[in-house]
Amino acid sequence: MAVSFRAPEFNRDLCAKESLNFFVLSDTDRSVIKRYGVYDAQNDCAQRVTFLLDKNGFIRRIVRQVNPATHGKDLVELVRRWQLGESIYRDLCARCHGADGNATDLYPNTKPLGGIGNRMGDDEIVKATIASGFVHEMVLRKEEWQALAVFVSGLPLLTGDKHDARP
Ligand code: HEC
């Protein structure tokens, strides 16, 4: 769905005119825009940013470079990679790091991966994974490493030890 600062009537007309097949929500008081940290105070509107959320409402990926001409296609490609990354993660990583990346009791000295996307970019995540020495570089192709990084960078930062409670 999209979130816009404009009135519902405006967004309704926009959806009809452009034949949009997704919701355009009206955030006229800018409260959602501000909570997501994308308020452009100078122009009193939202910056163009896309958030990929999971079913539990966790933000898994933030896309700040939005090209309106290709954004639909770009998002489909991002989700495809994310899903590939998820299946690789389940096959190769979850037995030590847990399904949600926050397990520290499945293997000795494991570090939680939740929130890693806040401190490392995708390439750094790949390097850190290879450097840790548990999965050899040759096991995956370049595209697979990139897809894995997309998924791992969005692992949620959880507090407490309920690492099996969430996907
Ligand atoms: C056999 C258990 C095991 C497997 C399998 C494993 N890891 Fe790890 N991983 C660890 C341990 C233990 C550490 C901590 C190593 C250290 O401190 O040197 C670690 C560290 C890391 C780090 C560095 C974290 C940081 O904060 O610096 C990343 C990133 C990582 N693993 C990602 C992955 C990914 C992605 C996979 C799957 C491709 C994976 N690991 C598979 C056990 C494992």
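Student: Which residues in α5 meet which residues in α6?

Tutor: In this predicted model, D122, I125 and V126 are the residues of α5 that meet α6, where their partners are W145, Q146, A149, V150, V152 and S153. By class, the residues of this contact divide into six nonpolar, two polar and one charged.

Student: What describes the geometry of two packed helices?

Tutor: Two packed helices are described by the angle between their axes and by the distance between those axes. Here α5 and α6 pack at an angle of about 100°, and their axes are 9 Å apart. Angles of 65 to 115 degrees count as roughly perpendicular, and so α5 is roughly perpendicular to α6.

Student: How do α3 and α6 cross, and within what distance do their axes come?

Tutor: Helix α3, which covers residues 71–92, crosses α6 at roughly 90°, and the two axes come within 7 Å. These two helices are therefore roughly perpendicular to each other. On the α3 side the contact is made by R81, W82, L84, G85, E86, I88 and Y89, which meet E144, Q146, A147, L148, V150, F151 and V152 in α6. This contact has nine nonpolar, two polar and three charged residues.

Student: Why do residues three or four places apart in a helix point the same way?

Tutor: An α-helix has 3.6 residues a turn, so residues three or four places apart point the same way. With that idea in mind, you can look again at α5, where D122, I125 and V126 are the residues that meet α6.

Student: Is F151 buried or exposed?

Tutor: The general idea is to count the C-beta atoms around a residue, and 20 or more within 10 Å is the cut-off for buried. F151 has 24 C-beta neighbours inside 10 Å and therefore counts as buried. This residue is found in helix α6, and, leaving aside residues up to four places away in sequence, F151 touches W82, G85, E86 and Y89.

Student: How many residues of helix α1 are buried?

Tutor: Helix α1 spans residues 8–18, and of its eleven residues the number buried is zero, so this helix lies largely in the open. For the chain as a whole, 15% of the 167 residues count as buried. S31, which lies in helix α2, is another case to read in this way, since S31 has 10 other C-beta atoms within 10 Å and is exposed.

Student: Where should I look for backbone angles that deserve attention, and what is phi of R30 near?

Tutor: Most residues other than glycine have a negative phi. R30 has a positive phi, near 65°, and is a residue other than glycine. Its place is in the loop between β2 (24–26) and α2 (31–35), and R30 is partly exposed, with 17 other C-beta atoms within 10 Å. D44 also has a positive phi, near 50°, and lies in the loop between β3 (39–40) and β4 (45–46). With 10 other C-beta atoms within 10 Å, D44 is exposed. S19, the residue that follows α1, has a positive phi near 50°.

Student: Which residues are the closest to the ligand, and how many surround it?

Tutor: The ligand is surrounded by 18 residues, of which the closest are C93, C96, T129, S132 and F134. The elements that give two or more residues to this shell are α4 (94–97), α5 (122–132) and α6 (142–153). Among these, α5 gives the most, with four residues. The shell divides into eleven nonpolar, five polar and two charged residues.

Student: How many helices and strands does the chain have, and into which domains is it divided?

Tutor: The chain has six helices and six strands, and from the N terminus on its elements run β-α-β-α-β-β-β-β-α-α-α-α. An assignment divides the chain into domain 1 (2–47) and domain 2 (72–153), and 33 Å separate the centres of these two domains, taken over C-alpha atoms. The C-alpha trace of the chain spans about 55 × 35 × 30 Å along its principal axes.

Conventions. Residues are numbered from 1 along each chain as its sequence is written. This is a predicted model: local features need pLDDT of at least 70, side-chain atom pairs count only at pLDDT 80 or more; totals for chains, interfaces and linings use all residues. A residue is near a molecule or strand if its C-beta atom, placed from the backbone, lies within 6 Å of it. Ala, Val, Leu, Ile, Met, Phe, Trp, Tyr, Cys and Pro count as nonpolar, Asp, Glu, Lys and Arg as charged, and the others, Gly among them, as polar. A residue is buried if 20 or more other C-beta atoms lie within 10 Å of its own, exposed if 12 or fewer, and partly exposed in between; C-beta atoms are placed from the backbone. Axes are lines fitted to C-alpha atoms, for helices over the stretch in contact, and angles run from 0 to 180 degrees between N-to-C directions. Angles under 35 degrees count as roughly parallel, over 145 as roughly antiparallel, 65 to 115 as roughly perpendicular and the rest as oblique. Two residues are in contact if their C-beta atoms, placed from the backbone, lie within 7 Å. Domain bounds come from an automatic or database domain assignment.
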